[in-house]
Structure formats: structure tokens, C-alpha cells
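Look at the structure first, then work through the points by topic.

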Amino acid sequence: MKPAPFTHHRPESVEEALELLAELEEAELLAGNQSLGIVMANRLATPDHLVDLNGVDDLAYVEETDDGVRIGAMARHRTLERSALLEERLPMLPEAAAQIAGPAVRNRGTIGGSIGEADPAGNYPAALVALEGTLHLRSLEGSRDVPADEYFVAYMFTDLREDELIESVSVPTDPFPPARTGMTFLELKRAAQTWPTVSAATAVRIDDPDAEDPVVEDARIALANAADVPLRVPDAEEVVVGEPLSEAGLAEAAERVTAAVEPEGEMHADREYKEAVAGEYAKRSLETSYERAIESC
Ligand SMILES: Cc1cc2nc3c(=O)[nH]c(=O)nc-3n(C[C@H](O)[C@H](O)[C@H](O)COP(=O)(O)OP(=O)(O)OC[C@H]3O[C@@H](n4cnc5c(N)ncnc54)[C@H](O)[C@@H]3O)c2cc1C
């Protein structure tokens, strides 16, 4: 099927894009077109106007800030995957980017489009919830900041208003300094180019990498495709903090994750299977983060 007819607009600045959003009826933003194109081709979305952000050059960046990293909405998955800054400061993000589909999708798809789409199976949404990222939203009325875990409201439903766009995303490095920290984005996939069955995003900070059994000082666990929004599980984080990572701690964390998630069953993975896999992948992801934290110095 072909998309329904629409008018294509190509603004060259954020301001111009926002004016178009405010003035046009039934307008949709277009970023990397790796999701919207499919939805439109199936006529599940029939916008009258597309406001194409590909001409807005100053939205495509990854830059260091005083307390972390800021990423422009039009930064491509490939840019995140290859960013030396992210690899050093927030390695969960390049690892999440590298596992999205194949090179063709990663060359065009953007972080803004992924958050805009808000699929609970998406890689960045879970990573941003785990890392307590903040979304910077802008309209003609001004800007507002929304914590990632408040932005995703229900299944593919967000806090974004129709006259707003996602301008950028900030991710703090506190409390995960590169030394003494390990981060992991672990996906279960049936095939390289498919969406994940479940993913587990974790971060661990330890007290002393030279100790025989370093103590976990801080931990984060978030799951993708395990509920109608990306889901953080503080209950499971708590259980591994304050002691060296142990089999017993990991098993309890896995159990708490399995109890917390509320996945939709799919053709290849029913609900029960996804609950179990969420716990197991959270456990494996935590173990890897702990090992990476020990290797970080
Ligand atoms: C075969 C395949 C496999 C995939 N596998 C995965 C996967 O495993 N994990 C994963 O995370 N993703 C996966 N994706 C999705 C991919 O990451 C897309 O690139 C992404 O979800 C959409 O980004 P985009 O830039 O292409 O956005 P578009 O398709 O252009 O837009 C998507 C939505 O976001 C909105 N939007 C775009 N930019 C903004 C903005 N700045 N502000 C507000 N709203 C905006 C649009 O209006 C639209 O509603 C896959 C895609 C394909 C085709």
C-alpha cells in the first residue's frame, strides 16, 4: 500500500518547524522515517502534512555538559553508536544504539524519532529511564523539561503536546562516573533485524574495583517490552545495593523483576515466558555491569 497524500514541509530551523506545527492541522513530524514511513504506508497514520526535521542541522549533535551529555533529537543511531564521548561517559547508549535493527535503519533513525514513537520495546526509552535522562521539549510558547520516566505515560502515549517537539535529551553521569561504573544494554532477539522480545538496561557503581568483592553502591534496572511503558524496577535495584553482587542477590533481583513486569504476550513469546525472560535478562545484564565496573579502572 502507498501512504495517503500529504504535503511535505522542510523547515530549516526549530522555530520554523514549530510555526508549522502550530499553524497546520493534522501535521506530523518526520525524522529518520524508519517507523513513520511504515505506519503511513499501512495507512495507520494519514497526516495531511509532514514537517520534516532533516533540514534542521542544529538538532544533530552529541555534546558534553557540566553534568553529563546532551544529545540533539536528530542525532542518528549511528552517531550514538560511534560516539567516543558516549562510549566513555555513558556506554549504555552506544550499546543500545548498536543493537537497533541493521545499518540501513541505524544510518537514518534518530533518537528523537525513537522517543517520539515511544514504543515500549524501544532501546533508548528504557536506557533513558534507567539513567534518569531528561527530555527537553519545545513549542512556540517556550521550553519545558520532562524526566524520562514521566514522559512515557501509557502504550505509545506520551506527555508530548501536538504543538511541541523533542529538541534534545540530557543524561547525567552522576551517580555513575566512568571509573567504578559498568553499564549494559542486553537484548533478547529472535533475529538481528527484529524488535527485541525483552531488553534489560542496567548500571552498577561499585566502591573499590581493587577489592576482592567490591560492594555495589548504586544500581539501576529498566526493562523494555516488558510493560506498556519502559519500566524501571527500584525494588530489584535495592536488593543488590550495599553488598557485593552475589548469586542470592541476583536471584532475588530477578524474581522481583519477574513480579514487577506486565508484558503483553506476543506470537513468539507469551506473557509468562516474557516475565521469566525479563528476570533472567535483568540478572545477566546486572552481572555484566558488575564485571564491567570491576574492569573500569
Ligand atoms: C526493521 C526495524 C527494526 C527495528 N528495531 C528496533 C529495535 O530493536 N529497537 C528500537 O529501539 N528501535 C527499532 N526500530 C525503530 C527505529 O529505532 C526507528 O528509527 C525509530 O523508532 C524511529 O526513529 P526515526 O528517526 O526513524 O523516526 P520517524 O519514523 O521519522 O518518526 C517516528 C515518530 O516520532 C515522531 N518524531 C520524530 N522526531 C520527533 C521529534 N524531534 N519530536 C517529537 N516527535 C518526533 C514522528 O512524528 C513519528 O510519530 C526498528 C525499525 C525497523 C524498521
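**Cores, ligand and domains**

The largest nonpolar core has 40 residues, and Met-92, Leu-93 and Ile-115 touch the most other members. A nonpolar core is a set of buried Ala, Val, Leu, Ile, Met, Phe, Trp, Tyr and Cys residues joined through side-chain atoms within 4.5 Å. Buried means under 20% relative accessible area, exposed over 50%, and partly exposed in between (1.4 Å probe, protein chains only). This is a predicted model: local features need pLDDT of at least 70, side-chain atom pairs count only at pLDDT 80 or more, and totals for chains, interfaces and linings use all residues. Residues are numbered from 1 along each chain as its sequence is written, and side-chain values use heavy atoms, with hydrogens and water left out.

- Helices (H or I, at least four residues) and strands (E, at least two) are DSSP runs, numbered from the N terminus.
- Domain 2 (60-172) and domain 3 (183-295) both give residues to this core, so it lies between them.
- Ile-115 touches Leu-128, Leu-135, Tyr-151, Phe-152, Ile-166 and Val-169, leaving out residues up to four places away in sequence. Contact here means heavy atoms within 4.5 Å.
- A second, separate core has 28 residues, including Ile-221 and Val-261.

**The ligand**

- Around the ligand are 33 residues, and Leu-29, Gln-34, Leu-36, Thr-110 and Glu-117 come nearest. A residue counts as near if one of its heavy atoms lies within 4 Å.
- Helix H7 (111-117) supplies the largest share of this shell, five residues.
- Strand S2 (27-30), helix H2 (36-41) and strand S10 (165-172) are among the elements that each supply at least two shell residues.
- A polar side-chain atom of Glu-117 is 2.4 Å from an oxygen atom of the ligand.
- Taken alone, the ligand exposes 970 Å², and the protein buries 92% of that. Accessible areas come from the Shrake-Rupley method with a 1.4 Å probe; for residues, only the protein chains shown count as cover.

**Ser-289**

- Ser-289 lies in helix H12 (residues 271-295).
- Ser-289 is buried, with a relative accessible area of 0%.
- Its contacts include Gly-182, Thr-202 and Val-204, not counting residues up to four places away in sequence.

**The domains**

- The chain is divided into domain 1 (7-51), domain 2 (60-172) and domain 3 (183-295). These bounds come from an automatic or database domain assignment.
- The C-alpha centres of domain 1 and domain 3 lie 36 Å apart.

How values were computed. A polar contact is a pair of N or O atoms within 3.5 Å; within protein, one must be able to donate a hydrogen and the other to accept it, and residues adjacent in sequence count only if both atoms are side-chain atoms.
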